[in-house]
Amino acid sequence: MKELKNKVYELEGLLELCDSRPDKFSELAPLVEGRLAAVNAAWRSVREHDTVVTPAKEDTEISVAEIIDNPDISVTGIQPAEASVQREPESRRIALCLNDRFRFTKILGHGDKVEFERRLGELSDAGDYERARDIITDSYALDPDDPDVADLIEIVKTYYE
């Protein structure tokens, strides 16, 4: 199961990158397809080999494949944990893959995650690209010639297009 989770996590990062960098989609597509195949293979392995203990009166083990393929097993009344949680709709934010989050936390938040999130929120709420770019270069005093800052500016530009 851990391998499957890791593959899904890798796929999620690639999808975030595709979303934030549409200009790189053609380069990322083969990587996404490869990760999808790896997730699929890992899932098949889990279905074939993993077992779970059901909370029945009898102490029996049943495989994941049996649960999925058996129409007689009922899950009526079971709801996902988040189904009952009412959430406020999230505002649109600049999407970053995990690697970019790590990299930009260093330059945008000086290593402080809270400060990074605050500043990322400011950039997301700037209203337009020019204002966000001015915040990066003027308010945060970041050098637009720095490769990491240039990448951040490009992502912000894509966000506002």
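Author: What follows is a quick tour of a predicted model, going from confidence to fold to packing.

Reader: Start with confidence, then. What's the mean pLDDT of the chain?
Author: The mean pLDDT of the protein chain is 76, and 74% of its residues reach 70 or more.

Reader: Which elements sit at the two ends of that scale?
Author: Strand 1, residues 51-53, has the lowest mean pLDDT of the elements, at 45. Helix 6, residues 129-139, has the highest, at 94.

Reader: Noted. How many helices and strands are there?
Author: The protein chain has seven helices and two strands. Along the sequence the pattern reads α-α-β-β-α-α-α-α-α.

Reader: And how much of the chain is buried?
Author: Of the 161 residues, 29% are buried. As for contacts with a separation of 6 or more, 50% of them are between residues 24 or more positions apart.

Reader: What about helix 2, how far does it reach?
Author: Helix 2 has 25 residues and spans 35 Å from its first C-alpha to its last, close to the 36 Å expected at 1.5 Å a residue.

Reader: Which of its residues are buried?
Author: In helix 2 those are L28, A29, V32, V39, A42 and V46.

Reader: Why does R21 count as buried?
Author: Because its relative accessibility is 13%, and the cut-off for buried is under 20%. Leaving aside neighbours within four places in sequence, R21 is in contact with E154 and I155.

Reader: OK, switching to packing. How many residues are in the largest nonpolar core?
Author: That core has 21 residues, and those with the most contacts inside it are I94, L96, F104, L108, L123, I136 and V156. The elements giving two or more residues to this core are helix 4, helix 5 (113-124), helix 6 and helix 7 (147-160). Helix 7 makes the largest contribution, six residues.

Reader: Is there another core apart from that one, and what residues does it hold, or which of them can you name?
Author: Another core, of nine residues, lies apart from it, with L4, L14, C18 and V32 among them. In general, nonpolar side chains in soluble globular proteins tend to be buried together.

Reader: I94 keeps coming up. Where is I94 found?
Author: I94 is in the loop between helix 3 (64-69) and helix 4 (98-108). I94 is buried, with a relative accessible area of 4%. Apart from neighbours within four places in sequence, I94 is in contact with L120, L123, S124, I155, V156 and Y159.

Reader: And how far is I94 from S20 in sequence and in space?
Author: I94 and S20 are 74 residues apart in sequence, yet their C-alphas are 7.6 Å apart.

Reader: Last thing, backbone. Which residue other than glycine has a positive phi?
Author: A141 is one of them, with phi near 55°. A141 is in the loop between helix 6 and helix 7 and is exposed, with a relative accessible area of 60%. H110 also has a positive phi, about 55°, although it is not a glycine. H110 is in the loop between helix 4 and helix 5 and is exposed at 59%.

Technical notes:
Residues are numbered from 1 along each chain as its sequence is written. This is a predicted model: local features need pLDDT of at least 70, side-chain atom pairs count only at pLDDT 80 or more; totals for chains, interfaces and linings use all residues. Side-chain values use heavy atoms; hydrogens and water are left out. pLDDT is the predictor's confidence in each residue, from 0 to 100. Helices (H or I, at least four residues) and strands (E, at least two) are DSSP runs, numbered from the N terminus. Buried means under 20% relative accessible area, exposed over 50%, partly exposed in between (1.4 Å probe, protein chains only). Contact means heavy atoms within 4.5 Å. The expected span of a helix is 1.5 Å times one less than its number of residues. A nonpolar core is a set of buried Ala, Val, Leu, Ile, Met, Phe, Trp, Tyr and Cys residues joined through side-chain atoms within 4.5 Å.
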